[in-house]
Amino acid sequence: MPDFRFLPVCLLLGALLVGGAGAQTAAGPAGLPGQTSVTVQPGDTAFSLARRAGLSVQELLTLNGLSSPDLRVGQVLTLRVVPLTYVAQPGDTLYALARRFGVTVEALLEASALPPGAVLKAGQVLTLPAGATVPVGTSVPVPAGANVPAGVSMPVAPVQAQSFTTPAPAVGAAGAASPFQPLTPPQTAPVLQPGSPMPRSQTTNTPSPLAGAGDWRAAALSLLNTPYVFGGTTRAGTDCSGLVLQVFTPLGVPLPRTSAEQARAGQPVAPEALEAGDLVFFDTEGAGRVSHVGIYLGEDQFISANSYQGRVTVDHLRADRYWGPRFVGARRVLPGAAPLAVNR
């Protein structure tokens with residue numbers, strides 16, 4: 001006859017074991033708070049991992065460059081990318097940093113929650129936006145736990161970054177403060193005067209060679225809106241000194257290649273004696289040297305290959321809050337006009 005004395009104890013133990021397993025199943029696997037990556041374990045699925053990480057399956061696949069939810073045991077998945085930040089140094093500008101990290105000024109402002117017209121300060125922390133690349137040799141703090149692949153560039157993800165207090169644009173200035181604005185020393189914006197509309201090229205077709213063999217103005221304006229390309233000297237793309245070469249070389253005016261060298265060509269001209277066709281020079285880097293050149297059109301306007309706008313544009317010279325303070329001098333290279341030398 002079976003011995004039933006231990007039956008109640010067995011039933012109690014069985015109930016406890018089943019109850020514990022059921023409670024564990026109901027609770028589900030632990031979440032992944034704060035983790036930036038996870039290693040796939042037996043039984044894991046894209047859905048279960050995405051749910052534990054607070055992501056959608058599509059977000060998980062996109063983060064890891066996957067086209068299929070099929071996973072393999074031991075596979076390491078990225079759950080989130082910790083944003084990279086950059087501490088602004090003296091002399092940094094929004095334009096220079098955007099160009100260094102391969103993004104637009106607008107994207108840099110948005111990622112760092114900065115308003116249009118913001119002026120950087122030394123020590124200010126910027127968040128790098130999606131698609132930013134960090135060149136070799138650039139010091140960028142990497143947050144703890146960030147998954148940064150080795151190589152020349154480090155992709156980063158868009159995040160909501162903290163906002164910083166920035167000086168408001170000067171009252172009466174036309175438009176927001178320029179992203180070229182250097183950190184130090186602060187620039188005093190000149191009193192602006194209403195400007196005339198930007199002149200436009202009257203040619204609808206691109207001539208080759210430049211239209212108007214003896215007319216430098218027509219040649220210059222025919223290049224309006226040409227894409228800015230660093231080192232370019234053609235109608236497919238040009239930089240500032242390349243634009244000058246394209247205009248004046250067909251006229252038989254030999255000039256050096258760079259803006260700094262062109263600033264030593266011809267004869268110096270006093271600012272009050274500027275005439276159309278004179279070369280105007282600027283220090284856009286705040287380094288005490290010429291870094292940009294344009295061609296004066298008259299009426300306080302000049303044409304140049306504008307790297308910020310990414311094309312050849314016409315801008316005001318003294319009335320512009322960016323260009324005015326950075327204008328450093330002019331040279332006359334066209335023959336037939338008597339230049340007025342600057343008294344120094």
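How many of the nine residues of helix 7 (residues 240-248) are buried? The model in which this is asked is a predicted one, where local features need pLDDT of at least 70, side-chain atom pairs count only at pLDDT 80 or more, and totals for chains, interfaces and linings use all residues. Residues are numbered from 1 along each chain as its sequence is written, and side-chain values use heavy atoms, with hydrogens and water left out.

The chain has nine helices and 12 strands; helices (H or I, at least four residues) and strands (E, at least two) are DSSP runs numbered from the N terminus. Of its 344 residues, 40% are buried, where buried means under 20% relative accessible area, exposed means over 50%, and partly exposed lies in between (1.4 Å probe, protein chains only). Contact means heavy atoms within 4.5 Å. Among contacts between residues at least 6 apart in sequence, 61% join residues at least 24 apart.

An open sheet of six strands runs in the order 7-12-8-9-10-11, with antiparallel pairing; two strands pair if DSSP finds at least two bridges between them. Strand 7 (267-269) and strand 11 are the edge strands, each pairing on one side only. On average, neighbouring strands of this sheet are turned by 35 degrees against each other, direction ignored. Helix 7 packs on the sheet and touches strand 8, strand 9, strand 10 and strand 11, and its direction makes about 50 degrees with that of strand 9. Such axes are lines fitted to C-alpha atoms, for helices over the stretch in contact, with angles from 0 to 180 degrees between N-to-C directions.

The opening question can now be answered: nine of the nine residues of helix 7 are buried, so the helix is largely enclosed by the rest of the structure. Among them are Cys240, Leu243, Gln246 and Phe248.

At one side of the sheet, strand 10 (residues 301-306) and strand 11 (residues 311-316) pair in the antiparallel sense over six bridges. Glutamine 301 has histidine 316 in strand 11 as its bridge partner, and phenylalanine 302 stands opposite aspartate 315. Four residues lie between the strands of this hairpin, in which glycine 310 takes a positive phi near 75 degrees.

Elsewhere, alanine 287 sits in the loop between strand 8 (279-282) and strand 9 (292-298). Alanine 287 is partly exposed, with a relative accessible area of 38%. Its C-alpha is 8.4 Å from that of glycine 91, although alanine 287 and glycine 91 are 196 residues apart in sequence.
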